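Subject: Structure handover

Hello,

Here is the structure I promised to pass on. Please open it and keep it beside this email while you read.

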Amino acid sequence: MPSSISSSDRAQVAPAPAGLLVLLRGFVLTLLLLVAATEMLVRMQVLPQDTRVGHLDLLHTATHADAAFGDSHVARGFAAQGDFVNLAYPSENIEDMFAKVRLHYADRTPGRVVIQADPHLFAAYRLFASSKPAGAQFRSGSTPLLHLTSERHRPQLVAYWQAFLEGFGTLESKVNQTPNGALLSQGDFAALPDRAQQLEARTRLTYHALGPADAVVAAQARYTEMIDFLRAKGADICLVSFPVTRAYLATTRDAQSGHQRATEFFRQTAGNTGARYVDARAHVSSDALFRDVDHLNVAGAKAFYTDLVDLCFDE
């Protein structure tokens, strides 16, 4: 059947304008250059300072018998040195802590072990955090072809570029990762006006209020199982409620927060398992030693380390 479009009609279909092709090539080239530049930024500026990378390296190479486990309260508030290693990392929950405890002490005998005992471990956002099979989140895994596509870095790419440009070509982390694993940073909570301090404390408590009772009970059972595991291995255990500011502590005294009930759980768990419990929430009285409402700064973490070792292990 003859085509309804004649050869003369086909000849009238003009090729893409040369200018459009040049524009398209320029766009593709610019995109490729941006991808390459961003990957170089991540590899040369971000990865050498990535605390997660350094943390996982330490987790898999540390041989210390004395160790601390927890979330950012421990990571930022326990300036481990000497025989101690700090294996805590921000935002970790009880399942993460337990996985690390089993990983670190799988083939070694524990010595002195500090375990975080902060009530917000039972907050809803911690109880219902997505989790992977035990220990899977701490495996090194394969190196991606492009680091900028990884879940860790992809959401931060714009922030990386902004910080890089504001730093006039240098991307400098505000966190100092020590050889013994602490993640120390500057800050002065005392510099905030009183009203701002109170507002920050109330805001933080909205996140730290305890979750549903059944979920809390289940998490407490896992916490107790972790302590039993350590005791069976012969660990000298100290459960620690880490320092917070006066403003934060005052808000937690509200019965609705559940923090006092959680603190009593830690106290009873220590008594039932032969561990020690140290309630150090009010131990650091100077707000100038805090970076924010519930994390110690560099000076605070260094000062608290010696005090805590003495309080926990009678040294």
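Below is what was found, one topic at a time.

Please keep in mind that this is a predicted model.

**Strand 6 and its neighbours**

Start with strand 6, which covers residues 236-241. Of its 6 residues, 5 are buried, so the strand is mostly covered. Strand 6 has a partner in strand 3, residues 112-116. These two run in the parallel sense and share 5 bridges. To find the pairing on screen, look for V113, whose bridge partner in strand 6 is I237.

Strand 6 also pairs with strand 7, residues 276-279. This pairing is parallel too, with 4 bridges. Here S241 stands opposite D279 of strand 7.

**The disulfide**

How many disulfides are there? The count is 1. It joins C238 to C312, with 2.0 Å from S to S. The link connects distant parts of the chain: C238 sits in strand 6, while C312 belongs to helix 12 (residues 298-313). The two cysteines are 74 residues apart.

Which hand does this disulfide have? The torsion about the S-S bond of C238 and C312 is about -70°, so the disulfide is left-handed.

Are the two cysteines buried or exposed? The cut-off for buried is under 20% relative accessible area. C238 has 0% relative accessibility, so C238 counts as buried. C312 also has a relative accessible area of 0%, so C312 is buried.

**Aromatic rings**

Next, the rings. The structure holds 12 aromatic pairs. One of them is F98 with F229, an edge-to-face pair.

F98 is at 3% relative accessibility, so F98 counts as buried. F229 has a relative accessible area of 24%, so F229 is partly exposed.

Ring pairs link F78, F84, Y305 and F313.

**The cavity**

The largest cavity holds about 60 Å³ of space.

Which residues line the largest cavity? They are H73, D118, P119, H120, V244, Y248, L249, T252, H259 and R281. By type, the lining divides into 4 nonpolar, 4 polar and 2 charged residues. Helix 10 (residues 246-252) gives the most to this lining, with 3 residues.

**A backbone detail**

Last, look at S91. S91 has a positive phi of about 75°, although S91 is not a glycine. Where is S91 found? S91 lies in the loop between strand 2 (84-86) and helix 5 (94-104). With 55% relative accessibility, S91 counts as exposed, because the cut-off for exposed is over 50%.

Best wishes

How values were computed. Residues are numbered from 1 along each chain as its sequence is written. This is a predicted model: local features need pLDDT of at least 70, side-chain atom pairs count only at pLDDT 80 or more; totals for chains, interfaces and linings use all residues. Side-chain values use heavy atoms; hydrogens and water are left out. On a 1 Å grid over the protein atoms alone, a cavity is a set of points where a 1.4 Å probe fits but cannot get out, and a pocket is an open set with protein on both sides within 12 Å along at least five of seven lines; lining residues have an atom within 4 Å of a point. Grid points are joined across faces, edges and corners, and a volume is the space filled by probe spheres set on the points. Ala, Val, Leu, Ile, Met, Phe, Trp, Tyr, Cys and Pro count as nonpolar, Asp, Glu, Lys and Arg as charged, and the others, Gly among them, as polar. Buried means under 20% relative accessible area, exposed over 50%, partly exposed in between (1.4 Å probe, protein chains only). Two strands pair if DSSP finds at least two bridges between them. A disulfide is a pair of cysteine sulfur atoms within 2.5 Å. Rings of Phe, Tyr and Trp (its six-membered ring) pair if their centres lie within 6.5 Å; planes under 30 degrees apart count as stacked, over 60 as edge-to-face and the rest as tilted.
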